[in-house]
Every structure is written in C-alpha cells, then in structure tokens.
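Subject: Structure handover

Hi,

Here is the structure you were waiting for, with my notes below it. Please have it open in your viewer while you read.

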Amino acid sequence: MDPAAESPPGTLPGEESPEMDLSHRLSREELALLYEEVLYTILHRLGKPEPQHVGDCRELYCYVQKAFGMDPEEHSAIMQQVMELESPIYCLKATVKEAKGILGKDVSGLSDPYCLLGIEARSQEPAHPEHKKRMKAVVKDLIPEDQIHRTQVMNQTLSPVWNETFILEFKDVETASFHLDMWDSDVVESMRHKLGELTDLHGLKRIFKDARKDKGQDDFLGNVVVRLKDLHCWNDQWYQLEPRTETYPERGHCHLQFLLTHKKRATTSSRTQPSYTVHRHLLQQLVSHEILQHQAGSTSWDGELSSHASTVLYLHATQKDLSDFHQDMAQWLAYSKLYQSLEFNSSCLLHQITSIEYRWVQERLRPEQKAELAESFQSLLTYGVSLIRRFRIIFPLSVPRSKDRLQSLLRVLVQMCKTKAFHELCTPSPDLPQMVSTALKSGTAEWFHMQKQHLKPMVKSIEENSKALSKLLLEVIEDLKQCQKIWNKLFIINLKLNIFSIAYLELESLVAEHVQEQLHRVDSSMSKPTAESLFDLYRKLQELWEMKEFLPSRDGPLALSNFHQWFEEALPLWLQKAYSTTLERAHRAIQMDQLKPYGYHKHSTSTVDLSTCYAQIVTTWQQLNWPDPEKAFMIMVNLLEDMCKISLMYCKLIKERAEALSLSEQNEGEAANKLCIVVNNIKQLRLLMLKLPEQLDWNQLEQRTRGIIDPQQIQNALHNQLDSTVACLDHEVRDVVQALATKMEKGIARHIQELSSCSDTQKPEDSIIPLMKFLESELQYLNEHLVQENFKSLLTLLWHHTLSVLSAARGPQVPSVQHCQRLFCALKSLERCFHAEGCGLPLETINSAAFQVWGWGWGVPLGSFGRKGCQGGHPWPVHLSMCLAIPSHPPHRRWRLTWLSALPQAANSSRNTSATGSSSSIEQEGAQCIPEDPSTSWYPKIPAEPLPGPVHPLHDGDKDSILILVPHCPAGHQLREVRGCDHQSSVPALGAETPCRSAQRHQPHPAGLQRLQRPLRAAHPGAPARVPRGGGPDHPVQEERAAPPLRRSLRLPDPRREVPAGGRLPAAHRV
C-alpha cells in the first residue's frame, strides 16, 4: 500500500491525518466481536493491578469505548451481552520451580523432597506473626484428594529442582487460597541399608526416630499458603517454607510462579479464533488509536502505549494464557501489519523481531501459525523494499528525522533476514542487498521520469527545452549530492551498497539519452538566447560529469564521455557573447567614470569595472574547461585576443574621456589631475594583463597540449601577444606622462622666466620661492595621485625639461652676477627638490650629461689652470660656468672656489703674453695664498690684451679679479706650502669631478700674481654671502632672512638652509 497515496491533502507522505478513522480495517461485525472480547476481559479481571496499570475498571471501559469508536448505545448493548455470557473457569497456573535450604530428614543428612499442592475454596485466616501456634492442617486434610497435585520426588537433595506446572481451577478469587506442602519421601529400607548410610550420631538419632514412627510415613518439610486475591495476574518469587511446630523454624524457601488465567471463555472470538490471532487484532486496534492520539504524527511514534492500553493488553494476554513467544509473535504480526498502513517508527519492530529470534523454536508453532509468520515476513520485506525504492519521496530530508526513519527500516529488514525463523520459513531466502539494489535502480529511473514530466516545457522550442533540461539537471545534481553526502553512509553500513554509484550510473545514462534527444536539432544558426541557455545546460552537464570522481570503480566508458561535442556549434556564440558583454561593460564604465580616485586607490572606477569583466572572462574559461586540448588552446587564444583588444580600446576611450571632462571644466589643474588618473588606470590595467597567465593557468594548458601543439606556436599565440599588448600599454603610459609633463612644463618655464627677469636687488633665495611653491603644490598632488613608477617617470621628464629651460634662461647676452646667482640658486634648489632626500629621482638620474655640461656655453675660457700645489701638475682648460653645474665629490677631490687677483695687463699685448702681477696680502679668512716662487709655474697664463667677447657673469666688473678653480690634491701628492690658507674653512665645492691625471700640460708661473682679491659668495643656495671684512660700499653688510620652509610631502629641501659655522655643511646635506 502506498502511504503517499493514502495521505490526505496537507499531510506529508507516510503520515496519517489525525482525523483518519482506522476502524474500517475491520468490518463492523468483526469490530463488535472484538469489542465483546475486550469487555469480557475487563469484566472478568483477575489479580491485583500492577503499579503501572490502571486499577479502575470504569476507566478501562471508557478508554476502550473511545478506542473502538463505539457510541454509548452500542457500548451498552454489547456490555449487556457480555454480562449475560457465562463466566469463564478461573484457573491458577502454578509452576513449582525449585527449593533451597530444606531440612535433611534421612540418615544421610539429605532428603527426598516432593510437593503436594491445591486450591482451598475457603481460605483460612493467616496466623499472626507473633502467634506461637502453628497451623496443623495440611493439604491432605484441606483439599479433596482428586484436586491435589503432586510433584516428582527428588532423591537425596536439599536443593531440589522441579519446574513442574499445574493448572488449578477455582471459582471465587476472593475466598480461594493456594496451599503447598513439601514432604520427605520415606521408602521402607532394611536396617542394614540404613546403617550403611550412617555417617554421624545425628544419623543414628534419625534411625531411632524412624523406628518409633509408622512404616512408610513421610516427614513434613514445610508449607506455603497464598491467598489468591493477594496475587497479581503474574507472580514469580521465592516463598519461605513455614513449619507446623516450633521445631526447626528455618525450613528453607521454595520458588513458585503463578499466573491467573481463564478457561472456556464464552466470547465468540475466543471460541472461533486462535488466542494469539484475537490478541493481534486487539493490539492492532489499540495501537491504531494510540498513534492517532499522538500529537506529533505517526512517524514520530516510538511504540510506547498508554497505561490504559497496556493494562487491557496485559489482562487479555494473561487470561488467554499466551506465552511470551506467542505474545511476541502476535505483536510482530500486528506491528508489521500496522507499519504498512501507518508507517510509524520502525524501531519498535526491531524489538519484536529480536524477541522472536531469541525464543524461536519451530516446533512450538502450528502449520497455520508458521504460514502466517512467513507471510508477515514476505509482506514486510516487499513493503520495506518498496519504501526504499521511493526513499526520495517517503523519507524527504525536509521532514525531520527522515534519516533516522530510513536507517531504522534498513536495520529491521537486515535483522529480519538474518533470523532463523526467516531462513526456515522463507525458502529460498531472498538476497536482500540484491533486492534493494534493483529497487534503487528502478526507483531512480521512476524519480527521473517523474521530474522530467514535471519540468516539461509548455512551448516546444530549443530555448525552452534547454531551460527545462537545466532545471532537470539541477534536480539530478542535488539528488546525487544528497546520495553522496547523506544516504550513502546508511546503505554502506547496513547493506554494503553504494547508493551514489547506483544512482549516478542510472541517472547519467538517462540524462545523456534525454539531452541528446533534445539537442539533435541544434545548429550554428541558433539565436543568442538559445546559446545562453545552452551554456547553462553545458555547465550543468559538466558538473554532473565531474561527479564521476566519487565513483569507487567503473567499467567501460560513460554515456557522458563526449558531451562537449554536443555544444561545438554553440561555442563561437559563447565566446562572442563574453567579448561583447565585456566590451559593453567597459564602454559603460568609461562613460560613468568621473576620473576620480576610487576609495583609497589611485585609480578610478572604470578600472575596477574592467577588472570585474576580466575576472568574468577568467571564470568563463574555468567554467568551459573544454576537455579537448587542441580546442581548448584555440579558445584560450580567442579569449586573449579579445582581452587585448579591449585593453587597447580602453586606453583610447579613457584618454578621450579625460579630454572631454577637461574641456567641460575649463580648468588646467583639473586637466592634469584627470591625466594622473588616466596614467594610474592604464598602469592598473597593465597589472591585470600581467596576471592573466596565472589566472588562466597557462602552465596547465601547456601540459595538456604537450605533444599536440608546438611550443613555439604557444609562445607566439599567447606569450608574444601578451607581451605586445603590455608594450602598447607602456607606450600609452609614456604618452600620457609626457602630456602631463607638458602641462607642467609651461608652469615651470613661466616661473623660471619670472625668476630670470627679477630685479637684481632681489636676493636669489627670495626670487626662487614662487618656483619652489609651484613645484611643491604640483608635485605634492602628483605624488599622492600617481603610482610611484609613473611619478618618477614624470620627474625624469620634468628634470630634463627644467635643465633645458635654465639653459635657455641665460639669454644671448652675458647676464649680471645677480642673474647668475639666481639661476645658480634655482638649479641647486631644483636639484634637491627633485632628489627629495632619496624619495625622488636618484642622483645618477639627476647627474646626467646635460646637467654636468649645463654651464659650458655661458662664457669664454679665461685660461688654463694647473693643479694647486701638486708636483707634476698639468694645466687644463676650465670654463668658468662649470662652477654652477658640477655636483659634489668625495673629499679628496673636492673643489674650492676662490677669487684670484690678476696682474696688470699691457695694452695691445699678445694673447700669448704671460701676465705679471705683484704681491698682495690675504684680505679675508678663507682666501688661499699662492706661493711667490715663480718656478712653480702653476698659475694660468693671463692674456696681455683684453679678452674678446663678453666677460663671464661671475666676473663682477673688477678687472683685477678672476675666478679660478683650485683642486684639492689627491692622496699621494705633495702639496707645496700655501701661506695664509685655512684648509678647514671652505664652502661646498660645486665643480665637476676632474681627476688629476686629466692635466695635459704645465704652465709657467705668471709673474706678479700675488693674492686673492676676495672669495666667491658661498655657492650653496642657503649659505649667507661672504663679503670683505667690514663690508664696503659695493657690499654692504646685510642681515640674513630665512625663507619659509616648504612642505615635507615630497621632502623638498629648503633653498636657504644656512651653512654652519666654519663654512662646512654636514655630510647629510652635501650635494
């Protein structure tokens, strides 16, 4: 019977409605006869109630009336019939089991005990415990001889074991009592035989006592008297043997078992049906009522009966004298039959089948009982296998405890098939695992066809069929997951069956057949919606195919082995869909992008959207997971080409977007800001492209195609194409950075022009402040909004441009000293600004060739100079402008700047004429003395006539003074004496490093060159000007003014940092 079909609406499969009336399982006539039987049982109740039972008969009448669904009229009518029936014969089923500790009456110290027992119709009042007089009457005197029962004699023992059962009839339970006397059997023996058994004086005393009594008279050992009204329906206990006199009060104990039963019951059922059959019908009726009264539903009922039902069933079983085995068999027959209709918790069946196995003796059953028991086994087995076949419906996981219910059913079936009764009665014995395996296969096929019919599309089109197939596959995959994770363990433990393997092989074959049937009309002319639905179907089939890894073993190919070939016509449309979707999203992302930093990042939202699109393409590749290696390689090439196209398109569109936003805002600063975001976006896109080999797992693809695709072809189609795209992105970055630099170059050129045109009265350190503020503002923003690599590229471009602007700022005419000082101060500040104490450009980038030769075109060489004080020194040409352009050097090659007084020059003299001069004293601390010995010949030749062309800017108009560069002598050279020179007082050298070995020739000492006119103002931009002691009209003493420090975001240097006392900067501040 199908429980799901019987369930009313709103009831889960296998559950009964609380309102369902189960009385229809018996006809009204059968139900009335059974009701008569139960009323008769209650009316003729025997024994004291058990503590757990109901003692009030009126409560029992009310309960059975409800259980049988009888109205008051029916109850009264049947009750009247029962009362008119003849009363049964009341019986006491007494079993004398054993005794212990009895007296030894024989000469040997042992006894030959036997028992006499019977029912006394009128019981005597028990003696008071303290009454000394014992009851003298014995069974022989109280009970008629024909009602006395006798056990066998157990020879020579003090612990006899009888296990004899007697049926003792009585009429009134209130007055009747049970009597048992135990006697020592005395057999006539010769004196010689008795003396032979004599062991002690106590035995001799018995001989003399026997000699005094009559021959053949038995000795009394004790008795037991029990009133029947004090007994329960069933009793099993030890009773003390009571003496008749005070002699030997301790006479041992006797083990008795009592059962109050009926004989010749007058009910129709008792007269026409076997007792266990009637009891089974009563049990079915009461259990049905109990289940319907259970609040949680039938599936959660565990077999526990109420006290009223237990009392009625107990009374009926004892009155019908049903053995434990027959009660277990009746319960099994009733519960197994009820389970097929009510489907309650099958755990109670396990107890019944275990009891039958424990008490099983085939000879105790009549043939009809054996047939009935065998039929119950076969019926439950068939029904249980049918439930297993439909376990997806009968035991859904959405219903609580479904897993436990199925496990309990499996255990019952396994235990039943293992019992001796099953193997003896059900021949040949069926193979349970084979039956369950067959049932699971057929049930899986039934479930699949039911799901297919349920999901059948209303419209017969490829698109709708594909969607329906996807839904069907979703159900199949979910079912297989449940089999693998939940059900498999139950079937393996109980039946050694792998339900996942059974279900997968069956479903895989059915799915392959059904999908091929639906896709035979698919061709390349399909629509895009159809292709999309087919892609979803492909993914579901792929997931189903991948679940084959959970199969323990398989023979031969599976039906889904080449499922990917069914979708080859749709593959190009899938790739085109991925490309068009990504392209559309990229266009939309660029249109929505305002080119502002996204959160804490330096790129904007369009890059984030594009990253998501690329991730989706990577996901598409992973979802495809095309089994054919050669085809998979072609798919990868197409995907890479699409992403490369989109990347280059993005660069073009994002620059157009920045230009459009800049035109709409009409703000030059905002335009630069937009370009910063564009640079960062392209840089981020470049990083995305470089991650593709890892994300797309090119290594695994190369392993799959090994031996199929030439490695050089992989290199050309994948790696070279990616490298080419990355190179294009780098070119785009450089273009945008160049455009960004071009925008800043205008500002830098404007400020340098303003600096160049400043008044000579303005101090150099003050004139460069606008330029430095401009750089601080712009570079600070760029540093915050550009990634580091792009920012340094921009700094490099700006630095080279700045050098070119400074060179152009010299002008065609020779500038004034103040003009040169401004440019010099600007150069040194820019150098520190772009270096930013190691956070900006590295020194090797700043010290470019253009930087080192920056000042060569300013002036004309003033002469050739030799190395100061070095033996073997050689003069070399030095341009005066190098003092502004040459950076710092190691201490042993540091240059010192001095002003040197020139000798008077003769008019119209030749340029090759040597200059002469006179001695002069040192005017200022820090000026270097020149040795007067003309033989040193290290002074430069001074032209005798004026130099053609303009005078160098640092030559401040004093015709008697020129600027020369005096190198420190490297280690290993001997310095000649330099008088009046303070070697510890020097300004930071600015000349380019020129090794001593670069000197080419030696010049004679110029006559008359005696002294240094004055030192050059400190070359460091932040150092105070050095003037002659006491000042002068041309060089008044001025107070130093500190320029406001720049912000530290770029760690820009202060262009007016003061030189410490002594004229030497700390090592950390030297350039």
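Among contacts in the chain (heavy atoms within 4.5 Å) between residues at least 6 apart in sequence, 81% join residues at least 24 apart. Please keep in mind that this is a predicted model, in which local features need pLDDT of at least 70 and side-chain atom pairs count only at pLDDT 80 or more, while totals for chains, interfaces and linings use all residues. Residues are numbered from 1 along each chain as its sequence is written, and side-chain values use heavy atoms, with hydrogens and water left out.

The overall picture

The chain has 34 helices and 12 strands. These are DSSP runs numbered from the N terminus, with helices being H or I of at least four residues and strands being E of at least two. Of the 1071 residues, 51% count as buried. Here buried means under 20% relative accessible area, exposed means over 50%, and partly exposed is in between (1.4 Å probe, protein chains only). The chain exposes about 51200 Å², and carbon and sulfur atoms supply 51% of that area. Accessible areas come from the Shrake-Rupley method with a 1.4 Å probe, and for residues only the protein chains shown count as cover.

Leu26 lies in the loop between helix H1 (3-6) and helix H2 (28-43). Its C-alpha atom is separated by 8.9 Å from that of His281, which is 255 residues apart from Leu26 along the chain. Leaving aside neighbours within four places in sequence, Leu26 is in contact with Leu31, Leu34 and Gln285. Leu26 counts as buried because its relative accessibility is 15%.

Ser307 is placed in helix H10. The C-alpha atoms of Ser307 and His53 are separated by 5.6 Å, although the two residues are 254 apart along the chain. Apart from neighbours within four places in sequence, Ser307 has contacts with Gln52 and Val54. With a relative accessible area of 33%, Ser307 is partly exposed.

Salt bridges

How many salt bridges does a search of the whole structure find? There are 21, where a salt bridge is a side-chain nitrogen of Lys or Arg within 4 Å of a carboxyl oxygen of Asp or Glu. Here are some that I looked at:

- Glu37 and Arg265 meet through their side chains in a salt bridge (2.9 Å, N to O). This pair links distant parts of the chain, 228 residues apart: Glu37 is in helix H2, and Arg265 is in the loop between strand S8 (253-263) and helix H8 (268-272). Glu37 is buried at a relative accessible area of 0%, and Arg265 also counts as buried, at 7%.
- Asp321 forms a salt bridge with Lys93, and their closest N and O atoms are 3.3 Å apart. Asp321 lies in the loop between helix H10 (307-319) and helix H11 (324-342) and Lys93 in strand S1 (residues 89-100), so the pair ties together parts that are 228 residues apart in sequence. Asp321 is partly exposed at 30%, and Lys93 counts as partly exposed at 25%.
- Lys548 and Glu549 have side chains that meet in a salt bridge (3.3 Å, N to O). Lys548 counts as buried at 10% relative accessibility, whereas Glu549 counts as exposed at 58%.

Backbone details to look at

Most residues other than glycine have a negative phi, and most peptide bonds are trans. The peptide bond from Thr427 to Pro428 is cis, with omega near -5 degrees. Pro428 is in the loop between helix H16 (420-425) and helix H17 (432-454).

Arg401 has a positive phi, near 65 degrees, and is found in the loop between helix H14 (391-394) and helix H15 (402-418). Arg401 is partly exposed, with a relative accessible area of 45%. Ala836 has a phi near 50 degrees, also a positive value, and its place is in the loop between helix H31 (817-835) and helix H32 (843-846). Ala836 is buried, at 3%.

Happy to go through any of this with you.

Best wishes
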